[in-house]
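Trainee: I would like a close look at one part of this model, with the cut-offs stated.

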Amino acid sequence: MNENMNNTNEFALDMSDLVVEYRTEDGIVQAVNGLDLQIEHGSTLGLVGETGAGKTTAGLSILKLVPSPPGVIVRGSILLDGEDVLKKTEKEMEKIRGKRVSMIFQDPMTSLNPVMTVEDQIAEVIEIHNEGGGKPLEKAREMLEMVGIPGERGREYPHQFSGGMKQRVVIAMALACNPMLLIADEPTTALDVTIQAQVLEMMRKLKEVQNTSMLMITHDLGVVAETCDKVSVIYAGRVVEHGTLEDVFENTLHPYTEGLFNSLPNLDDRKAKLKPIKGLMPDPSNLPAGCVFCPRCNYACEICAEEKPKRLYRNATHYVECHLYNEKNILEGGVIGK
Amino acid sequence: MITLNANTPARDTADITKKYKKKSQSAEVWHRLRRNKAAMLGLVVAILLILMAIFSSTLYDYETQVINQDIPNRLQPPSWEHPFGTDESGRDILARIVYGSRFSLSIGFSTVVFALIVGGTLGALAGYYGGMLDNILMRIMDIFLAIPGTLFAITLVAALGQNTINLIIALAISSVPGFARILRSSVLSVREVEYVEAARAIGATDARIIMQHVIPNSLAPVIVQSTLNVATVILTIAGLSFLGLGVRPPQPEWGALLSSGRQYLRDYGYITMFPGLAIMTTILALNLLGDGLRDALDPRLK
């Protein structure tokens, strides 16, 4: 059943040095600045960062859906199973979108067409890519059952569904053509916590069954811990720390990652105050010359303001971009206090 | 195929399904429209008028009753024989009004259909693609919009010759910019919506996105505009006929009836009053229906 099993390339997605700018009249907004992301087949990468860090832009670039104008992909490459997306024509992209790569949008309330029945919308994807041959509607109902919605409800309209159910419909739509890569752009942000858990659990199971790789875009470290294999922490359009769940959660290296963890309530110590990261994301049209996190960093030193930090590896999977580390002390881990 | 039941007991959903019958969008619009009494009145009147136009040849004989002059019976007041009286040539006014609905309504509707197709297409393209195309198309529309509709129709009919087809073309061209602008503006807001982006993300082509997702969601204001526009066009035709540029006498167009009766206005007011009432009723009915449709089509007002 599964064509995703016999892929020749190691990575479902291999994005390197991606630079995306929004060129507006007021100046150039540097949304993504040399982003590297790799996802192995069947695994899940969490892309974590604040609002405005360039997460969604990165996700949209994979489908070449960055609104243009003003968005411009300046350089870099995005390899989907070895094929460079950026070299594809619009026609070829239409064949990739929804079939090889599909996307789940943030808000299920608005990502369904209000005047089409739910099954028609799912069937549309199948029809476009002519998947399963013949009966798109039947397949659509099957997909609905798969996400736990009775098939006969397919004839209803989106406004007759609850938020959680709508998101499941969206997931059914995204998985209808058995894609190689699923981009989930904050899929649970608009849902309440109990429904969040359900939806995440369902996505995780479906992903395993279909052996789909997933890019989980989120700002919620809890979601990451629940669903991801690896994490990339992104700040101002650049990965500042990357590693497996264990690497990043247990051996946090970057001060920004530490800041994100400090912003979470601590279950063991209920009286502990939250320590939010001071300041705001830098203006993406006017980024600092040195380390982009420097103005907000508690550990900043002189070099931070002047020079961009280089990438340093703690082990084969775990790297960080921060001046606090050098070849020696990175192996010990944890220069920053916990 | 696996089934994941994410904590939704099937029983619950079945109950819900029973309780709320599956409603299509149109069924719901109809349901909401039915609760609006004024709109229903408008709809009933509009349907009666359409039926009247269709069956006018069964009710009256065109040759003998509608255009045949009967001088001895001229200018008779309303009576059982002639409920609306007779005009200056002795023709039954009711028969002429009934027949006149054919001209007014058919010209009104065909004008709007024509304007809707042309204007809608241009507006949808301009709104969806934006940029240069939008600029060029909409500036052309602006040029047309700068010319008053009636004046434009007068000029065109005078230049092309006075017949029904030319009349329809003239009126349609002056209605096109209105439709183009309305569809463009609603397409502009719809194309930014997430489900359009989602459609793009599933690999839908532009044509499919426009036809399946953008236009159906932009139609509500256009439907309202169409209904209201039929009324406007009927009024303009009446105006043109009143000026002698519309439907040619002795064809019984409502505006022409008004025009021919105006010299008898002081002594035989009913000659102009009844066609005037016919125009007024039609326009009122269509406007009520249009307003009702606007409310019914807006799901946010539910």
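Trainee: Which residue in β10(A) stands opposite A:Ser232?

Mentor: A:His242 in β10(A) stands opposite A:Ser232. The model is predicted, so local features need pLDDT of at least 70 and side-chain atom pairs pLDDT 80 or more, whereas totals for chains, interfaces and linings use all residues. Residues are numbered from 1 along each chain as its sequence is written, with chains lettered from A and ligands numbered from 1 in the order in which they are written.

That pair belongs to two strands of chain A, β9 (residues 230-235) and β10 (residues 238-244), which pair in the antiparallel sense over 6 bridges (strands are DSSP runs of E, at least two residues, and helices runs of H or I, at least four, numbered from the N terminus; pairing takes at least two DSSP bridges). Both strands sit within an open sheet of 8 strands in chain A, ordered β6-β7-β8-β3-β9-β10-β12-β11. Read along that order, β9 has β3 on one side and β10 on the other. Pairing in this sheet is mixed. At its edges are β6 (101-104) and β11 (311-313) of chain A, each pairing on one side only. Direction ignored, neighbouring strands are turned against each other by 20 degrees on average (axes are lines fitted to C-alpha atoms, for helices over the stretch in contact; angles run from 0 to 180 degrees between N-to-C directions).

Helix α9 (residues 255-262) of chain A lies across β3 (44-48), β9 and β10 of that chain (contact: C-beta atoms, placed from the backbone, within 7 Å). Relative to β9(A), helix α9(A) runs at about 100 degrees.

Note on methods: Two residues are in contact if their C-beta atoms, placed from the backbone, lie within 7 Å.
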